[in-house]
Amino acid sequence: MIAKALLLGACLLAPATAAIAEPDFSGSWERYPPMGEKADPRYAPSPIPDPQLKPQYRAEWERGQKILKERLEEGQPAGDNYVHCIPDGMPSMMMGMFPMEVFQRAKQINITQEAFNQTRRIYMNETLPRWDEVDPSFYGRSVGHWEGDTLVVETTGIKANVTFRWTPHSEAMKITERIRLLAPDILQDQITIEDDYLEKPWTYSYSFRRMKGYRLQEYVCEDNREVVDEDGKTHLKIDR
Amino acid sequence: MRFAREIRLFALPCAVAALAIPAAAHHSFAMFDNTRSITIHGNVTAFQWTNPHAYLEIDADEGKGASKHYTLELTSPNMMSRGGWTSRTVKPGDVVTAVLSPLRDGQPGGLLLVLTLPNGKKILPGVPHADRYKITS
């Protein structure tokens with residue numbers, strides 16, 4: 001009788017277990033919508049608001065934004081890492097300038113961005129260390145866990161000079177991402193940044209569309225011939 | 001139409017590159033004069049398939065047997081590859097015609113806008129916001 005009840009219970013439980021199976025994000029993805037394409041409103045990313053920095057950090061940010069705006073108007077590079085052949089780091093990497101690949105295993109999920117071969121590694125079901133327990137780096141330390149169909153990733157330990165939109169931050173900055181499928185081929189990454197430098201958390205999202213069959217290419221920043229002078233102007237080094 | 005098809009092929013990489021403002025601005029296109037173009041014709045001396053940019057070196061005919069060397073910047077191999085290029089699309093010794101936005105500082109070089117291969121096929125390097133570069137030559 002007990003055996004029968006257990007069997008019945010197991011049978012009832014099985015479909016429920018299957019229903020909450022973790023989705024597989026493995027594969028190649030591109031930012032959605034691509035330029036020139038109108039986003040399906042169901043999948044459109046949220047706009048990126050300005051960070052609500054505390055007053056003592058806001059002046060620095062505003063100075064930077066002014067320079068950034070002037071340079072963009074002149075068509076000059078923003079002076080970000082790329083100009084110097086240095087990768088984005090987190091959280092900029094998730095803007096997905098080029099396609100990205102997700103490689104998913106139960107214990108570890110890697111995300112590689114084609115630009116600069118950048119790879120971040122997410123260790124599953126581990127506790128996030130305190131920020132001062134890790135050496136600051138471009139991608140920091142990331143841990144993940146599943147909440148139903150949503151992959152929740154927490155990251156800390158980002159170097160102070162690795163910034164997103166020139167926004168100053170402390171080494172204690174924490175990035176929390178909630179990554180889930182909005183449709184079988186649409187992935188959403190909702191990003192929340194918390195830091196002592198901020199009045200309140202900074203939240204925005206990106207959407208990605210699956211690129212079936214696309215294989216990421218190698219990207220080694222091998223020969224940067226663009227030289228930025230002191231005024232921020234760029235010149236091309238001519239071979240001969 | 002073949003040319004139209006190639007433009008479509010390039011629509012994807014252009015779009016990918018222009019997704020975010022930082023992407024459009026991460027390398028300078030301001031050093032090129034986008035208000036005019038020049039057209040050169042000559043021998044390819046090197047085609048360098050590298051990041052962050054590919055480069056095409058051309059000895060351009062200047063008439064009366066003279067030539068002038070030009071260095072042309074292209075986009076990046078991954079974008080070009082998604083647009084149909086390979087590292088062997090053009091090779092040293094090929095005689096090509098190139099339309100380019102010249103460097104503002106007067107050095108002999110520029111940003112490649114259109115390349116005509118020895119077989120007459122025109123190919124684009126997938127410049128982000130290509131419509132902002134006037135072809136006047």
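User: In S2(B), which residue is the bridge partner of Phe47(B)?
Analyst: Leu56(B) is the partner of Phe47(B). Keep in mind that this is a predicted model.

User: How many bridges join S1(B) to S2(B), then?
Analyst: There are 6 bridges, and the two strands run antiparallel. S2(B) covers residues 55-63. The two strands form a hairpin, with 6 residues between them.

User: And S1(B) with S4(B): parallel or antiparallel?
Analyst: Antiparallel, over 6 bridges. S1(B) spans residues 38-48, and S4(B) spans residues 95-102. Gly42(B) stands opposite Val96(B) of S4(B).

User: Where do the side chains go along a regular strand?
Analyst: In general, they alternate between the two faces of the sheet.

User: Zoom out. How many helices and strands does chain B have?
Analyst: Chain B has 3 helices and 6 strands. Starting at the N terminus, the order is α-α-β-β-β-α-β-β-β.

User: What share of chain B counts as buried?
Analyst: 44% of its 137 residues. As for contacts in chain B with a separation of 6 or more, 59% are between residues 24 or more positions apart.

User: Switch to chain A. What's the secondary structure there?
Analyst: Chain A has 2 helices and 11 strands. From the N terminus they run α-β-α-β-β-β-β-β-β-β-β-β-β.

User: What do the strands of chain A close into?
Analyst: A barrel of 9 strands, in the order S1-S2-S3-S4-S5-S6-S7-S8-S9. The pairing is mixed. From one strand to the next, the twist averages 30°.

User: Give me one pair from chain A. How do S3(A) and S4(A) run?
Analyst: They run antiparallel, joined by 6 bridges. S3(A) is residues 108-113 and S4(A) is residues 118-124. Asn110(A) has Arg121(A) as its bridge partner in S4(A).

User: What percentage of chain A is buried?
Analyst: Buried residues are 30% of the 240 in chain A. Of the chain A contacts with a separation of 6 or more, 54% link residues 24 or more positions apart.

User: What's the average pLDDT for chain A?
Analyst: It averages 89, and 88% of the residues score at least 70. Over residues 14-18 of chain A, though, the pLDDT is below 50.

Methods
Residues numbered from 1 in each chain as written. Chains lettered and ligands numbered in written order. Predicted model: local features only at pLDDT ≥ 70, side-chain atom pairs only at ≥ 80, totals over all residues. pLDDT = per-residue confidence, 0-100. Contact = placed C-beta atoms within 7 Å. Helix = DSSP H or I, 4+ residues; strand = E, 2+ residues; numbered from the N terminus. Buried ≥ 20, exposed ≤ 12 C-beta atoms within 10 Å, placed from the backbone. Pairing = 2+ DSSP bridges. Axes fitted to C-alpha atoms, helices over the stretch in contact; angles between N-to-C directions.
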